[in-house]
Each structure stands twice: as C-alpha cells, then as structure tokens.
Amino acid sequence: MKRNAKRVGAIFLALLMSIVLPSAVFAEEQMPLIGEWAFEYEPETPVLRIEADGSAWYKGKDYHWEDQGSFLALTDADGNTMNLRYAVTEDQKLIYPQTTYKRGKEVEGQGGLIGIWEGTDDGSNFVFTPAGYFLEDSAFSGNFINDTAEGTFLLHYGDVFADTLCYYSITDEILTVEYPWKLVAKQ
C-alpha cells in the first residue's frame, strides 16, 4: 500500500512539474521583460523585476503582473492596478513611467498641452509654447509636435538627445506624461 502511495505521489509530482515548468518557460517566451532591470543611466540600481510566476517588483513595491500587449498591468496587494506601458525591439527595451503635472501659473494662450506644467511629486516641469517650442526641467529645450488625436507629443532635442515620443493625457488640468526610459539588465 505504501509503495502504491509513493508511486501515485511520484506520478502526481511528475504531472505537476510537466504543467508548471512549461508554463514558466512559455511565460518567459511571451514576456520579454522577465528578469531584473535598471535604467540605462544607473545600471546597478534595480527599478523593475518581472518573474515568470506572475510576481513583480517596481520602484520598491510588490505587484502581480499581467501582460496586456503594450502594457504591464501591475496590481498591488490592495487590488489597485497601474498600467505601465512598455516597448521591446531587437535593440532596446523601454518602459514609460507616468509623471503627473499640474498647470502652473496662468499664461496667455494656455490651453490643452500649451502652458506651464509643474510636477506634482518631484521638481520636474514642462513648458509648451503655441509656437512649438518646449522647455523641460528648466534645462532641456527644443521643438515639439503634438498629436492630440493620438495623445502623443514628439520632443526634438536637436543634437542633445534622440527624438523622444511621449504619450500623454490631460484630465481636470492634470497632465500625465509617459516618458520612455531605456532598460538594461541590472548589473
């Protein structure tokens, strides 16, 4: 009887492993962000970890992740979900952290994206002018092209940085910007 119980247990374990292991391998094949990642400018500091078992860690907080195509749905222990946009090509992996801005001082011609925007959580800021110029964080400037229908703006920094496509939305005078940051494997 004990011998049969051991065989049944071994068979059950083998079946369980045949189900679990391929699903983990399948998750890795489908989700290109499995692993531990840092921003390119600070490769030793982890910012994102995606595990094949569905667990994740992002900027110091634990989540459960679900891949939704170009978004990672990150759900915390309280059931709150944050959608983190990502893009993967042969050359790079990008995530688009969200930063929120409130409209700053009143300026003539301000409306939609045009105006002065001050970061709500950090010292960042954006200024967008009607003539198509922008100033970012009081340090970087250039031209921008706004595509209101797509909810994007393209920042052209000239020779300083590559052109950068950002996603945005404006709700109740709060601007949410999804700015791309390149990921590298944590070192």
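How many bridges join strand β1 to strand β2? There are 4, and the two strands run antiparallel. This is a predicted model, where local features need pLDDT of at least 70, side-chain atom pairs count only at pLDDT 80 or more, and totals for chains, interfaces and linings use all residues. Residues are numbered from 1 along each chain as its sequence is written, and side-chain values use heavy atoms, leaving out hydrogens and water.

**Terms**
- Strands here are DSSP runs (E, at least two residues), numbered from the N terminus.
- Two strands count as paired if DSSP finds at least two bridges between them.
- Strands of a sheet pair through backbone hydrogen bonds, either parallel or antiparallel.

- β1 covers residues 35-39 and β2 covers residues 46-50.
- A hairpin of 6 residues links β1 to β2.
- G35 sits opposite I50 of β2.
- I50 also has a bridge partner in β3, namely A56.
- The hairpin between β2 and β3 has 4 residues between the strands.
- In that turn, G54 has a positive phi of about 95°.

**The barrel**
- A barrel is closed by 8 strands in the order β8-β9-β10-β11-β12-β13-β14-β15, with antiparallel pairing.
- On average, neighbouring strands of this sheet are turned by 30° against each other, direction ignored.
- Angles of this kind run from 0 to 180 degrees between N-to-C directions, using axes fitted as lines to C-alpha atoms.
- Strand β10 (residues 125-128) and strand β11 (residues 133-136) run antiparallel, joined by 3 bridges.
- V127 stands opposite L135 in β11.
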